Amino acid sequence: INEVQHIKFAQAYIPQPLSDTNEQETVSEDLNDWQQNLMISIKRFFGHFITITKRDAQVQPQLPAEQQWFVRSNLTTQLLMAQAATLDQHPARFNDAIEKLQLWTAQYFDNQDARVAAFMTTLNSLSQTDVGLELPTGLSSQALISNYVTEQLALKHSDSEVKANDND
């Protein structure tokens, strides 16, 4: 829970641009191609002032400070829910909380950071933990306790008989 405040958020992800194959177009000598030649000239002219880069993947912006606070708060809440599920021996709630933690950590935090990697390793090991309550089917100490109680009752009974004989 304390480590949640120190793990590093992922920065904005900007994918690599696609290669532009139309960059080397040449103007033809034919006057009938004037429209195509005009477009090529306009692209070259504006290429010095404005660069348009095409990308095939979605850009993911960095979260604002307020949303970062909400993500950290939600992680802390899920950790507390996992802790409560452990105390209640409720494996379904525990596993659900750990799965949400793993998803949100992978989604919002920098997976290359050492603290984030350690946090994810801890979550992975916790996901393998069984928090269910296993009770034994029989008690091996029950026979020993019964013998002890019987012996104590016999001693008490014999002690009371000895006192009764001493009073006579």
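## Fold and chain totals

The chain has 5 helices and 0 strands. Helices (H or I, at least four residues) and strands (E, at least two) are DSSP runs, numbered from the N terminus. From that end, the elements run α-α-α-α-α. The model is predicted: local features need pLDDT of at least 70, side-chain atom pairs count only at pLDDT 80 or more, and totals for chains, interfaces and linings use all residues. Residues are numbered from 1 along each chain as its sequence is written, and side-chain values use heavy atoms, with hydrogens and water left out.

Of the 168 residues in the chain, 17% are buried. Buried means under 20% relative accessible area, exposed means over 50%, and partly exposed lies in between (1.4 Å probe, protein chains only). The chain exposes about 13500 Å². Carbon and sulfur atoms supply 54% of that area. Accessible areas come from the Shrake-Rupley method with a 1.4 Å probe; for residues, only the protein chains shown count as cover. Among contacts (heavy atoms within 4.5 Å) between residues at least 6 apart in sequence, 69% join residues at least 24 apart.

## Helix α3

Helix α3 covers residues 91-108. Its 18 residues should span 26 Å at 1.5 Å a residue, and the end C-alpha atoms are 26 Å apart, which agrees. The expected span is 1.5 Å times one less than the number of residues.

Phe94, Ala97, Ile98, Leu101, Gln102 and Thr105 are the buried residues of α3. Seen down the helix axis, the buried residues fall within an arc of 135°, so they line one face of α3. The arc is that of the directions from the helix axis to the C-beta atoms. An α-helix has 3.6 residues a turn, so residues three or four places apart point the same way. The buried residues of α3 pack against α2 (65-87) and α4 (114-127). On the other side of α3, Ala92, Glu99 and Leu103 are exposed.

## Salt bridges

The structure holds 4 salt bridges. A salt bridge is a side-chain nitrogen of Lys or Arg within 4 Å of a carboxyl oxygen of Asp or Glu.

One of them joins Glu3 and Arg115, at 3.3 Å from N to O. Glu3 lies in the segment before α1 and Arg115 in helix α4, so the pair ties together parts that are 112 residues apart in sequence. Glu3 is partly exposed, with a relative accessible area of 31%. Arg115 is also partly exposed, at 42%.

Arg93 and Asp88 form another salt bridge, at 3.6 Å from N to O. Arg93 is partly exposed at 41% relative accessible area, and Asp88 is partly exposed at 48%. Asp96 bridges to Lys100, with the closest N and O atoms 3.6 Å apart. Asp96 and Lys100 both lie in helix α3, 4 residues apart, about one turn of the helix. Asp96 is partly exposed at 37%; Lys100 is partly exposed at 32%.

## Nonpolar surface patch

Trp34, Leu38, Met39, Ile42, Phe45, Phe46, Phe49 and Ile50 form a nonpolar patch on the surface. Together they have about 870 Å² of accessible area. Patches are made of residues with over 30% relative accessible area and no salt bridge; like charges are joined within 9 Å, and nonpolar side chains (Val, Leu, Ile, Met, Phe, Trp, Tyr) within 5 Å.

Met39 is one of the patch residues. Met39 lies in helix α1 (residues 34-47). Its relative accessibility is 46%, so Met39 counts as partly exposed.
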